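Here are my notebook entries from a first look around a new structure.

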Amino acid sequence: MKLGIAMSWLVVSVSSASMALAGDWPSILGPERDGRSPETGIVTQWPAAGPQLIWSRDLGEGYSMPAIVGGRLYQFDRVADETRLVCLDAAKGRELWRAMAPTGYSDYYGYSNGPRASPVVDGERVITFGVDGQLRAHAAEDGRELWHVDVHERYGVVQIFFGVGSTPVVEKGLLLVMVGGSPVGSPEIHSGSVIGDGKAIVAFDPATGRERWRFGDELASYSSLVVAALGGQRTGLAFLRGGLVGFDPVRGVERFHYPWRARRLQSVNAATPLVVGDEVFITESYGPGASLVRVTRAGHELVWRDPPGRVRSIASHWSTPVVHEGHLYGSSGEKTGAAELRCVEWATGRVRWQQPALARTTQLYVDGHIVVFTEYGELLLIEADPTAFHLVARATPVDERGRKLLSYPAWSPPALADGLLYLLGGNRLAALRLIP
């Protein structure tokens, strides 16, 4: 089993996103948090080494993808026994500042001990949520620490299988965080008897770190939070350990709960919910698979769900699919060998085509194409075509010396900002020129 990490990118407020430049990648899975880029003019003819390498940088431990806003890139990782937040010139990779903080997290299964969640850019602040539950705000200008909350200590959080993996979101002056707290004295997660106690989601003042509200008895997952207009009102969406919860993001009041979880104790919900109109899509790979629900003012109603059994429309492990013109494109399968890229009808869940032998992948939509990034560091470009798998370009990026640039585990999805494609794999971050 692998980490639900790639879905744990940055998230930003609506106000921050509206202020971002057209070339920014300001939120989890892009400007609209759906893995879609509005940029055009991509290069579709690649050499064997792929698009032009602009810069690359060795990283410490972690799977956190950067936030890119206003020509600045914020990267969060771990070096030795410290977390490291660095600010880089996004176009050149030159470091502008760094902020360090102690950490003692140790992963239960021997995966990376670094961050999964990505930075949250909120105006003049950059907020990080460490794998160990340390929530911090830094000044975007110079990295100085503004406030710090030990979420695990304050809310009685029992370390889940792979630590914190959900990136917060800022909405209307509130920092919404998936916490998943438990009663004092709770056993460890492998006991199977850990319960929540009203601290599934906690809202903080992003300027001070003070709590504003809390609600929910679910435990945390690795899926990042989303806020969208659904059923005629702004609605927060949290794909928690036990299922999808819709809530009022200002008052912290639950609007609906849709149970969705595999029976296996070590199962995870990791993909971020996708929103089209008033409908929400969720997917996981350990049991029930995928489902689509429609949100109404009264709650929610089922559109479709995968039937019980082994047949699944799309069962994403950690990777969030992308949707384009009524079709989903994404990786299906828990294990590397059985994973395949699929195209699935949004409205029905019907599989249109499937492409095996790519291992597990992450993806990004741009300019009529899907950028597909495999967990072994290979890059593909395909047409966003529901009728068949149409390969446009395929490459293995290399460094200045001709060595393979990105290696396993490349589990974090691509980012695209101002024409540069950012990829992370094997503890290295690289920027490639996708748009001239």
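**Starting at Q233**

I picked Q233 and, setting aside neighbours within four places in sequence, found it in contact with A228, R255 and R297. I kept in mind that this is a predicted model.

I then looked at the side chains and found a polar contact of 3.4 Å joining Q233 and R297.

Next I asked myself: is Q233 buried or exposed? Q233 is buried, because its relative accessible area is 19% and buried means under 20%.

I looked up where Q233 sits and found it in strand β16, which covers residues 233-240.

I also checked the distance from Q233 to D248: the two are 15 residues apart in sequence, and their C-alpha atoms are 8.7 Å apart in space.

**Stepping back to the whole chain**

I looked up the secondary structure and noted two helices and 33 strands.

For the overall extent, I noted that the C-alpha trace spans about 55 × 50 × 40 Å along its principal axes. The radius of gyration is 20 Å, which agrees with a compact globule, because 436 residues packed that way would give a value near 22 Å.

I checked burial too: 64% of the 436 residues count as buried. Among contacts with a separation of 6 or more, 57% come from residues 24 or more positions apart.

My last entry is on charge: the chain has 43 positive and 46 negative side chains, and the centres of the two sets lie 2 Å apart.

Note on methods:
Residues numbered from 1 in each chain as written. Predicted model: local features only at pLDDT ≥ 70, side-chain atom pairs only at ≥ 80, totals over all residues. Heavy atoms only, no water. Helix = DSSP H or I, 4+ residues; strand = E, 2+ residues; numbered from the N terminus. Rg over C-alpha atoms; globule rule 2.2 N^0.38 Å. Buried < 20%, exposed > 50% of the residue type's maximum accessible area, 1.4 Å probe, protein only. Contact = heavy atoms within 4.5 Å. Lys, Arg positive; Asp, Glu negative; His and termini not counted. Charge placed at Lys NZ, Arg CZ, Asp CG, Glu CD. Polar contact = N/O pair within 3.5 Å; in protein donor to acceptor, adjacent residues only side chain to side chain.
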